[in-house]
Amino acid sequence: MNRAETELVNSPPRRWLQRGYEVPVLLRFGGRLIPGTTAVEIGCGSGYGCQLILERFGAARVDAVDLDPAMIGRAARRLARYGERVRLAQGSATDLRAALDAGDGSYGAVFDFGIIHHIPDWRTAVAEAARVLTPGGRFYFEEVTAHALARPTYRRLFDHPTEDRFSAGQFLDELAHYGLVILGSITRISGDYLLGVAAKPIPEPEVQ
């Protein structure tokens with residue numbers, strides 16, 4: 001993210017929107033986490049998302065990654081009071097095995113608060129989210145679509161990849177491609193923003 005977007009996502013209005021609107025929508029679609037759940041947040045920034053995951057979604061602990069070491073430092077300071085309930089690592093959402101030693105089915109929930117649209121290889125990030133989810137786990141997402149990124153204001157103010165960006169429908173289709181089932185989703189402002197929750201199905205027991 002460039003300086004303008006970094007300031008925006010860390011501003012009080014953005015925090016209010018996330019806390020007052022986005023979190024209630026995601027809770028309506030996906031509910032609170034099962035007690036004892038370990039979650040992962042991709043692109044944790046200054047750590048406010050991790051705080052919401054612990055306090056509003058009820059995670060027992062959160063692992064989180066971010067590419068920017070400065071943001072990891074800010075998150076560490078914000079989240080220090082949670083102690084061992086939070087683990088932070090510098091790394092990419094496209095390779096959680098390298099960043100967090102995350103094997104298949106490592107997490108009961110994955111949280112994406114507006115990060116995947118920043119990733120050039122966004123499909124790999126979706127695949128990685130699906131890989132690390134345990135069966136029955138949930139993927140909570142809030143995303144910015146190609147429709148928004150094409151607006152002149154976005155192009156002037158922010159720095160995003162310009163090739164192969166996704167519409168809301170394409171993002172949901174990619175989740176389905178990796179076997180995730182949409183529990184609920186909503187778009188806002190002419191399709192600019194997508195919020196939703198998807199689940200990884202629990203396999204049917206084999207018939208003897």
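Colleague: Which residues do ring pairs link into a cluster?

Modeller: In this predicted model, the cluster made by ring pairs consists of Trp122, Phe139, Phe141, Phe166 and Phe171.

Colleague: And how many aromatic pairs are there in the whole structure?

Modeller: Searching the whole structure gives nine aromatic pairs. One of them is formed by phenylalanine 111 and tyrosine 140, whose ring centres are 4.6 Å apart and whose planes meet at 5°, so this pair counts as stacked.

Colleague: Where do phenylalanine 111 and tyrosine 140 lie?

Modeller: Phenylalanine 111 belongs to strand β4 and tyrosine 140 to strand β5, so the pair ties together parts that are 29 residues apart in sequence. Phenylalanine 111 and tyrosine 140 are both buried.

Colleague: What about phenylalanine 139 and phenylalanine 141, stacked or tilted?

Modeller: That pair is tilted, because the planes are at 40°, with the ring centres 5.4 Å apart. Phenylalanine 139 and phenylalanine 141 are buried as well.

Colleague: Changing topic, in what order do the strands of the sheet come?

Modeller: The sheet is open and has seven strands, which follow the order β3-β2-β1-β4-β5-β7-β6 with mixed pairing. At the edges are β3, residues 86-90, and β6, residues 181-188, each of which pairs on one side only. From one strand to the next, the twist averages 10°.

Colleague: How do β6 and β7 run, and how many bridges join them?

Modeller: Strands β6 and β7 run antiparallel and are joined by seven bridges, with β7 covering residues 193-199. To give an example you can find in the structure, serine 185 has glycine 196 in β7 as its bridge partner.

Colleague: One more thing: how many disulfides does the structure hold?

Modeller: The structure holds zero disulfides. For cysteine 44, the nearest cysteine sulfur is that of cysteine 50, which is 5.2 Å away, while a disulfide would need the two sulfur atoms to be within 2.5 Å.

Colleague: Is cysteine 44 buried or exposed, and what about cysteine 50?

Modeller: Cysteine 44 counts as buried because its relative accessibility is 5%, and cysteine 50 is buried too, with a relative accessible area of 0%.

Methods. Residues numbered from 1 in each chain as written. Predicted model: local features only at pLDDT ≥ 70, side-chain atom pairs only at ≥ 80, totals over all residues. Heavy atoms only, no water. Pairing = 2+ DSSP bridges. Helix = DSSP H or I, 4+ residues; strand = E, 2+ residues; numbered from the N terminus. Axes fitted to C-alpha atoms, helices over the stretch in contact; angles between N-to-C directions. Buried < 20%, exposed > 50% of the residue type's maximum accessible area, 1.4 Å probe, protein only. Phe/Tyr/Trp six-rings, centres within 6.5 Å; stacked < 30°, edge-to-face > 60°.
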